[in-house]
Amino acid sequence: MVDLTKRRWFRPSKQPLMNPTLPWLRDPAQFLDECDRCGACVKVCENHIITLGSGGFPTVDFTQGECSFCYQCVKACPKPLFYSQQHTPWQAEITLTSNCLALRNVECRGCSDNCEYQAITFQLGIGRVAQPQVHNERCVGCGACIAPCPTQALSLELQAGITKPSDPHTHTITITECQ
């Protein structure tokens with residue numbers, strides 16, 4: 001008899017290998033080719049958010065905390081895979097799902113309480129709890145809003161390969177409600 005539950009082993013992972021990626025990364029494909037998985041970046045991360053992910057490659061885990069953009073991970077890397085600190089670390093897109101307690105009319109402001117840049121605020125309304133409001137121009141992609149969410153309703157998708165100098169207005173956030 002065939003055990004059909006084992007078929008999932010032959011399916012590719014639904015999670016992309018390099019998401020979230022490391023800040024200031026030039027090219028994820030080049031990173032996969034040249035990173036020797038030494039773990040130097042993991043050791044120097046002051047917030048302990050860089051972990052070894054799929055295949056032993058370093059990745060950012062925002063459930064452990066936020067990125068302070070200290071640049072220590074890049075300095076520790078023996079390979080020339082990163083942009084200088086003057087460039088934007090990454091482009092970020094936050095997605096808020098229907099698991100959000102505020103969208104379900106339950107008072108919660110964990111994400112905005114932890115966002116130093118006030119990229120997520122709450123708008124009061126009559127007959128309902130305050131609803132999340134996103135301010136694209138304020139988000140820096142630090143991930144401070146991810147860990148405090150009790151329902152894991154937030155996700156942060158990061159894209160590497162940014163080629164322009166830092167501009168605080170280049171980050172985008174979108175909110176979508178899943179049905």
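Visitor: What makes two residues a contact here?
Guide: A contact means heavy atoms within 4.5 Å. Among contacts between residues at least 6 apart in sequence, 65% join residues at least 24 apart.

Visitor: What kind of model is this?
Guide: This is a predicted model, where local features need pLDDT of at least 70, side-chain atom pairs count only at pLDDT 80 or more, and totals for chains, interfaces and linings use all residues. Residues are numbered from 1 along each chain as its sequence is written, and side-chain values use heavy atoms, leaving out hydrogens and water.

Visitor: Why is Cys35 called buried?
Guide: Buried means under 20% relative accessible area (1.4 Å probe, protein chains only). Cys35 has 13%, so Cys35 is buried. Cys35 touches Gln30, Phe57, Pro58 and Leu81, leaving aside residues up to four places away in sequence.

Visitor: What makes Cys45 buried?
Guide: Its relative accessible area is 10%, therefore Cys45 counts as buried. In the chain, buried residues make up 38% of the 179 residues.

Visitor: Where do Cys35 and Cys45 lie?
Guide: Helices (H or I, at least four residues) and strands (E, at least two) are DSSP runs, numbered from the N terminus. Cys35 sits in the loop between α1 (28–34) and α2 (40–44). Cys45 is in the loop between α2 and β1 (50–52).

Visitor: Which residues does UniProt place under "binding site"?
Guide: The unreviewed UniProt entry gives Cys35, Cys38, Cys41 and Cys45. Such annotations may be inferred rather than shown by experiment.

Notes. Buried < 20%, exposed > 50% of the residue type's maximum accessible area, 1.4 Å probe, protein only.
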